[in-house]
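Please consult the sequence and structure shown here.

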Amino acid sequence: MAKPASEPIAQHVPVVAVVLAAGFGTRFDPDNPKQLVAVGGKPIVCWSIEAFEQCARVSDIVVVVNPKVRGEVESLIDEAGYAKVRVVIDGGSERVDSTAAALDTLAAAGIPDDAKILIHDAVRPFVAQSAIDGSIDALDQFKAATVAFASTDTVLLTEDLGDRKVVKSVPDRPNTYRAQTPQSFRFATIRHAYDLASADPDFHPTDDTRVVVDYLPDEPVAIVSGAETNLKITTLADIPTAERIAEQLLGRDAHGVSGVVGRGAVDPKEEARARMHALLAQAAGQMRR
Ligand SMILES: Nc1ccn([C@@H]2O[C@H](COP(=O)(O)OP(=O)(O)OP(=O)(O)O)[C@@H](O)[C@H]2O)c(=O)n1
Ligand SMILES: C[C@](O)(CO)[C@H](O)COP(=O)(O)O
């Protein structure tokens, strides 16, 4: 059951979330689209849409899909009754093509240049409200921003030497962040960057920030605090972590039992204690024999 959408609040400009769900999940399982996989009992794409439904400052949501998942995503949206989803559009073969399709749709709809656009990976289901709010706020000062998480590892920039990768440089760790989403922009800024990038068929960026950084290098992109829990589900190995985060957010323990123990329900700690007592009693009985 979806949480009800927050009432949109009066703002000067539209705040549009673009939820990118048009990927093919080749690193996950191409026969099992990851955006439809349930974690904590809820499809990943629904977690992401709901994060923006619940933010009162988000006025509209555009969902980007591919033909393989369109039917299922549309049914999920209908069943949940997401009130802010305006349109479900087809994406393209790469992530940037899907973003470009969303920008074209928004342009055709006559969205104002100063609208705030938040572009989010559908496969980052646990994005925090603070990251969404922080992204919207950052656009009052900057025309571009990205949620990112400070790297705890030292990051190595590499280059090719024969068939080996070798280290080219080592940036100072306090200056290294892992890019997350949402990545947010004033509409005219991201549209301009994409227009410039479209002239280069060899440009294959994996995120939208790169499009601004490469094509509008004078435009600062602000960092908004992300979190380790804003996980991108990339391979099957990410699912156990995702389940753990979902359980925490849903307030359940690792076995899916509600943390609130009602009358008649079995407290898992009590159950474990009873099991241990039984085992000890059995062991003691065997020692006496
Ligand atoms: N053509 C594409 C490619 C990706 N995405 C979206 O961009 C996000 C991040 O992409 P990624 O994790 O790489 O997903 P996939 O492209 O599905 O995975 P893979 O690269 O393993 O095929 C996902 O929400 C994905 O659905 C998209 O909308 N359109
Ligand atoms: C946008 C992104 O999630 C930021 O970390 C990432 O770049 C997507 O990359 P992918 O190659 O599409 O997984």
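## Basis of the report

A polar contact is a pair of N or O atoms within 3.5 Å; within protein, one must be able to donate a hydrogen and the other to accept it, and residues adjacent in sequence count only if both atoms are side-chain atoms. The model is predicted, with local features needing pLDDT of at least 70 and side-chain atom pairs pLDDT 80 or more, while totals for chains, interfaces and linings use all residues. Residues are numbered from 1 along each chain as its sequence is written, chains are lettered from A and ligands numbered from 1 in the order in which they are written, and side-chain values use heavy atoms, without hydrogens and water.

## Ligand 1

Backbone atoms supply polar contacts to oxygen atoms of ligand 1: Gly25 at 2.7 Å, Phe24 at 3.1 Å and Val123 at 3.4 Å. Ligand 1 on its own exposes 560 Å², of which the protein buries 90% (Shrake-Rupley method, 1.4 Å probe; for residues, only the protein chains shown count as cover).

The shell around ligand 1 comprises 18 residues, the closest being Leu20, Gly25, Thr26, Arg27 and Ser98 (a residue is near a molecule or strand if one of its heavy atoms lies within 4 Å of it). By class, this shell has six nonpolar, six polar and six charged residues; Ala, Val, Leu, Ile, Met, Phe, Trp, Tyr, Cys and Pro count as nonpolar, Asp, Glu, Lys and Arg as charged, and the others, Gly among them, as polar.

## Ligand 2

Around ligand 2 stand Arg27, Arg95, Asp121, Arg124, Ala179, Thr181, Thr206, Asp207 and Lys232.

Oxygen atoms of ligand 2 meet a polar side-chain atom of Asp121 at 2.5 Å, an N or O atom in the side chain of Arg124 at 2.9 Å, and a backbone N or O atom of Thr206 at 3.1 Å. Taken alone, ligand 2 exposes 360 Å², and the protein buries 77% of that.

## Salt bridges

The structure contains 15 salt bridges, each a side-chain nitrogen of Lys or Arg within 4 Å of a carboxyl oxygen of Asp or Glu. One of them joins the side chains of Asp133 and Arg57, at 2.9 Å from N to O. Because Asp133 belongs to helix H4 (residues 129-138) and Arg57 to the loop between helix H1 (44-53) and strand E4 (60-65), the pair ties together parts that are 76 residues apart in sequence. Helices (H or I, at least four residues) and strands (E, at least two) are DSSP runs, numbered from the N terminus.
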